[in-house]
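Dear colleague,

Please find below the structure that I am handing over to you. My findings follow it.

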Amino acid sequence: MRRLLLVCLSVHSLLLLSSCQTMESAATLATGIGQGAGVISASQAESLRKTTKAVARSAEEFTPEQEYYIGRTVGAVVLGTYPAYDHRIVNEYVNLIGQTLAQVSDLPAIFGGYHFLVLDSNEINAFATPSGLVFVTRGLLRCCRHEDALAAVLAHEIGHIQLRHGMQAIEKARMTEALTTIAAEGAKTLGSREVASLTQTFGGTISDITGALIKGGYARSSEYAADQAAVTLLRRVGYDPNGLTEMLGVMKKNLRAGGPDFARTHPAPDDRLAEIQKKGLRYAAVPAHAPRQARFLKALGNI
Amino acid sequence: MRAGKPILITVFLCLWVVFTGFAQPQKTMSVQVKEGQIRNTPSFLAKILAKPTYGDRVEIIQDKGAWKKVASRGVQGWMHASALTTKTVVLRAGATNVETTATGSEIALAGKGFNEEVEKQYKSLNRNLDYTWVDRMERFQVSSDQMEAFLKQGKVTPPEGAVP
């Protein structure tokens with residue numbers, strides 16, 4: 001019995017120790033780099049190492065407020081590549097569906113709330129920032145034949161946000177560097193040099209996320225997970241989860257091979273369809289709802 | 001049978017070791033979003049009774065799934081757990097004691113790290129970045145009443161017990 005107890009105790013403490021040590025050594029490395037580059041003094045570096053232990057213990061990334069600022073700039077970068085579609089009726093309709101879906105997600109409360117915007121582009125694409133800003137192109141809206149399909153597109157993006165895929169795109173070293181600099185702010189108000197260093201880290205964080213969002217795409221497993229989250233959200237609100245199935249069917253036809261869009265950053269619609277069916281979604285045609293279809297066509301009939 | 005009791009005690013001790021520190025329920029929590037919502041029932045369509053702001057402390061009365069019954073400034077109602085943190089949100093970074101802020105697990109400093117100042121600085125270095133539409137889309141708001149009317153008009157009915 002005593003042996004069993006000892007084993008339990010040591011496994012427990014080993015688990016605790018190993019996670020803390022990894023973070024601390026990473027912090028040592030990052031402060032070393034900062035020090036070498038002359039950004040911070042030796043004494044500041046020492047106090048950073050001390051405070052980072054606290055950060056490592058909490059093992060938490062960024063506050064929702066910081067995610068909010070990351071997301072705003074990621075949004076500005078997206079809007080630097082794709083212009084906004086300035087159409088009140090379209091954007092209001094998309095926000096009604098999107099914000100309602102977000103409310104039933106596992107992360108309904110987000111620092112600045114969820115907001116949706118249509119992009120004036122024929123590409124088939126969508127982007128979600130960690131802060132709750134969601135962008136969908138007109139090209140993607142054209143893959144939706146009814147409201148349940150549009151809800152599926154928006155629910156997939158909300159899935160990426162609630163599963164924090166954007167924040168996971170930040171490189172490990174950068175994450176540690178950022179958390180280390182931020183921890184130092186607890187000790188003193190930042191001077192202009194530290195703000196400059198923090199801004200540089202911020203810029204790196206933005207490129208990590210936009211790199212994944214616009215260029216590289218997330219891992220296939222993340223896309224499948226977002227589809228799964230979408231199926232759940234659709235069911236919770238009362239939309240037909242096969243809205244996703246039918247949207248992917250149209251997308252398959254609309255995607256151009258080698259096009260600069262979804263095809264590059266997402267698994268093929270067929271693979272996504274196979275995956276959601278594997279997870280238990282049986283296909284049955286989405287039934288027609290007259291009032292729902294009328295308002296869908298009114299808002300998006302000419303998209 | 002004789003070995004049963006000691007094993008039971010061991011299992012209990014192991015569990016105790018693992019859960020030490022987690023067992024104490026939090027009595028108060030802080031709002032971690034810009035604007036929180038206290039509703040009269042644990043539902044996203046329920047009437048909003050009060051809107052506590054970032055850093056406000058609320059007293060936790062009861063847990064129900066992803067919702068928490070809270071009390072704040074004389075108002076009792078329900079908040080979604082994602083709007084709350086167990087950390088104390090300190091609104092002014094400068095005024096806080098150095099030693100306490102170093103233990104970041106209990107305290108979150110508002111306006112710390114990536115903040116408005118960093119955004120401003122980044123903007124000045126990247127003048128081609130335009131936040132006009134980011135600011136505009138942040139003003140797209142849909143109220144609970146609008147959501148309810150929209151769902152009803154489209155005959156979109158959440159199945160019973162589907163929303164956590």
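Axes here are lines fitted to C-alpha atoms, for helices over the stretch in contact, and angles run from 0 to 180 degrees between N-to-C directions. Helices (H or I, at least four residues) and strands (E, at least two) are DSSP runs, numbered from the N terminus. This is a predicted model, in which local features need pLDDT of at least 70 and side-chain atom pairs count only at pLDDT 80 or more, while totals for chains, interfaces and linings use all residues. Residues are numbered from 1 along each chain as its sequence is written, and chains are lettered from A and ligands numbered from 1 in the order in which they are written.

Confidence

The model scores ipTM 0.79 and pTM 0.80. In pLDDT, the predictor's confidence in each residue, from 0 to 100, chain A averages 82, with 76% of the residues at 70 or above. The mean for chain B is 83, and 78% of its residues reach 70 or more. Two stretches call for caution: pLDDT stays under 50 over residues 5-59 of chain A and over residues 93-103 of chain B. Where pLDDT is low, the predicted coordinates should not be read in detail.

Helix packing in chain A

Helix α6 (residues 147-162) and helix α10 (residues 220-237) of chain A have axes that come within 7 Å and cross at roughly 120 degrees. The two are therefore oblique to each other (angles under 35 degrees count as roughly parallel, over 145 as roughly antiparallel, 65 to 115 as roughly perpendicular and the rest as oblique). The crossing of α6(A) with α10(A) is right-handed; a crossing is so called if the near helix is turned clockwise from the far one by less than a right angle, and left-handed if anticlockwise. Residues in contact (C-beta atoms, placed from the backbone, within 7 Å) include Ala151(A), Ala155(A) and Gly159(A) of α6(A), and Ala226(A), Ala230(A) and Leu233(A) of α10(A). By class, this contact has 10 nonpolar, 4 polar and 1 charged residues (Ala, Val, Leu, Ile, Met, Phe, Trp, Tyr, Cys and Pro count as nonpolar, Asp, Glu, Lys and Arg as charged, and the others, Gly among them, as polar).

Helices α11 (residues 242-254) and α13 (residues 269-278) of chain A pack at about 160 degrees, with their axes 9 Å apart. They are therefore roughly antiparallel, and their crossing is left-handed. Among the residues making the contact are Leu244(A) and Leu248(A) of α11(A), and Leu273(A) and Ile276(A) of α13(A). The contact of α11(A) with α13(A) has 6 nonpolar, 1 polar and 3 charged residues.

Strands

In chain A, 3 strands form an open sheet of mixed pairing in the order β1-β3-β2; two strands pair if DSSP finds at least two bridges between them. The edge strands are β1 (115-119) and β2 (126-128). β1(A) runs parallel to β3 (residues 133-137) of chain A, with 5 bridges joining them, and Val118(A) has Val136(A) as its bridge partner.

In chain B, β4 (residues 57-64) and β5 (residues 67-72) run antiparallel and are joined by 5 bridges. They form a hairpin with 2 residues between them, where Gly65(B) in the turn has a positive phi of about 60 degrees. β5(B) is joined by 6 bridges to β6 (residues 75-80) of chain B, again antiparallel. In that hairpin Arg73(B) takes a positive phi near 45 degrees.

Yours sincerely
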